[in-house]
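Hello,

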Amino acid sequence: MGDTKLKGIYSNGLVLQRNKEIIIEGTDTSASEVVVTLAGSSVTAKVEGGIFKAVFPPMDEVFDTELKVEGTETLTIKDVCIGDVYMLTGQSNMELPVIRTYDLNKEEIEAEDFEYVRQYRLTPDLEIPLKGEESICKLPENDWVKASGKGKYEISAIGFYAAKRIFKEKNVPIGLILSAQGGSNIESWMCEEDLFETGTKEEQIAPFRGKGALKAYVDEGNKKTAVWRENTIDKDFSIEEALSEGVKIKMPCIIADEFFGSVWFVKEFDLDKQIEGECLLRLGDLIDADVTYVNGVEVGRTEYQYPPRKYRFDSSMLKQGKNVIWTRLIIELGAGGFVPGHPYRLETSAGDIDLTGEWTMVVEKITEKFKPNMMAQNIPSALYYASLVTLKNISVSQIWWCQGESNADFPEGYDKKMILTFKKMREIFGEIPVVLVRIADYINPLKDTHIPDGWKKIQELQDLAPTYIDNIKVVASPAPDPIHELHPQNKSGIGAGVAKASMDFK
């Protein structure tokens, strides 16, 4: 029995680019040809080496159609549209989902659903081919998510706030291909030839070449992290017994004493009556990973620094009289704690309880220095193969780019790298416009008292991009409040800027 499959992106809810040639690709292990039908038009495509490619002429916008493939098996992709498709790429501020902006934009988010704004999340299959080989990465088999109901919470915030405005103006289906990866540097998006031109050496890529090599490195890093974190546990430790040796500390603050290991922070508070309803514990931004308890019961945990801690729990866990919050924090970077400027409070039906001020700090265990592997999205060319080459033959109308934070420590040559990156993207996707979102101001709470010069240099080079890259527009990111917030919630204004820049292209 044969097997007929489509490339991962051709899935339910699919949005294809209007007014450009449409290519539908897939595999069939037995048939010599397949018939592909889209919006009532059919194309017969030969199957060569198990692969088929059906080519359709440009079409106008279409709402609510189907894509059917008849080969060894018959596949039907439902709820297909033809409209405008945008590729969203870069790092975490483009990746950041709508739900992370909910506090600031609740009314805007809930005001309206957008069934014809949809996102395909490209979770990368990270593989770097051997020299001379074709890309060995595959597109993930993810359905497109609609910007309606809770589905909108998953969508890129910048993408959502821009796309909804564009949809209202153009009234055509909008597809967002989200390929951004948190923490990625620009080198990971570049092809090898361009990397070598800008100073990267073959030995920086060679260890990760070949099927499974990069994945093995990632797995090794994950195991290393798990072992190190396991080593932060003192099995004989009891927070109740250790409290007598605790140190009073005014929170929020950062502990910066070359500390690696686990530490507890304890806050007591009193209630004059029993609380009813749901409670929300806001613990701002913690560095790095935490597990938090209320009266000895876990209410939430976060495995890394950046997400704001918002832990919901039922008020039945509280009691009249004394209550206690325990936060166990794993510090990986030699410094950590509660980042100033963020909200630290318990929100209840009876009012808010301020959690700033005096806490008790207790060290559980000091460990050896943490030495993590590089993130996969920092490996040169990794995302070029996984998130760009895999999209070859997928038509898009524009590229929206938000990246630069991970290059701020070494900004030299960033302009040349942008030139080469967008040149290569346009070789893949055609001579399409680029909307560049400039990185926002940021002060690292662990090491800086002002915006670093390297950060400012990246901002300057991004502002100047229209002088050295054709057909590009730059959208500024307002300074966040607090300035220590790497992922500010103010994405609606940025999305409005992206929408305007996008629609200003002729």
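I start with Lys457, which is partly exposed at a relative accessible area of 35%. Please keep in mind that this is a predicted model. The side chain of Lys457 forms a salt bridge with that of Glu460, with N and O 3.8 Å apart. Glu460 is also partly exposed, at 39% relative accessibility.

Helix 9 covers residues 453-463, and its buried residues are Gly454, Trp455, Ile458, Gln459, Leu461 and Gln462. These lie on the same side of helix 9, because they cover an arc of only 165° around the axis. They pack against helix 8 (414-429), strand 24 (434-437), helix 10 (465-468) and strand 25 (472-475).

On salt bridges in general: the structure holds 39 of them. Two others join parts that are further along the chain from each other:

- Arg229 and Glu303 pair with their closest N and O atoms 2.8 Å apart. Arg229 is in helix 5 (residues 213-230) and Glu303 in the loop between strand 17 (297-302) and strand 18 (310-314), 74 residues apart. Arg229 is buried at 17% relative accessible area, whereas Glu303 is partly exposed at 42%.
- Asp409 and Lys447 meet at 3.8 Å, N to O. This pair ties together parts 38 residues apart in sequence, since Asp409 lies in the loop between strand 23 (398-402) and helix 8, and Lys447 in the loop between strand 24 and helix 9. Asp409 is exposed at 56%, and Lys447 is exposed at 55%.

Finally, a network of salt bridges links Asp103, Arg282, Lys310, Arg345, Glu347 and Asp352.

Regards

Notes: Residues numbered from 1 in each chain as written. Predicted model: local features only at pLDDT ≥ 70, side-chain atom pairs only at ≥ 80, totals over all residues. Heavy atoms only, no water. Buried < 20%, exposed > 50% of the residue type's maximum accessible area, 1.4 Å probe, protein only. Helix = DSSP H or I, 4+ residues; strand = E, 2+ residues; numbered from the N terminus. Arc of directions from axis to C-beta. Contact = heavy atoms within 4.5 Å. Salt bridge = Lys/Arg side-chain N within 4 Å of Asp/Glu carboxyl O.
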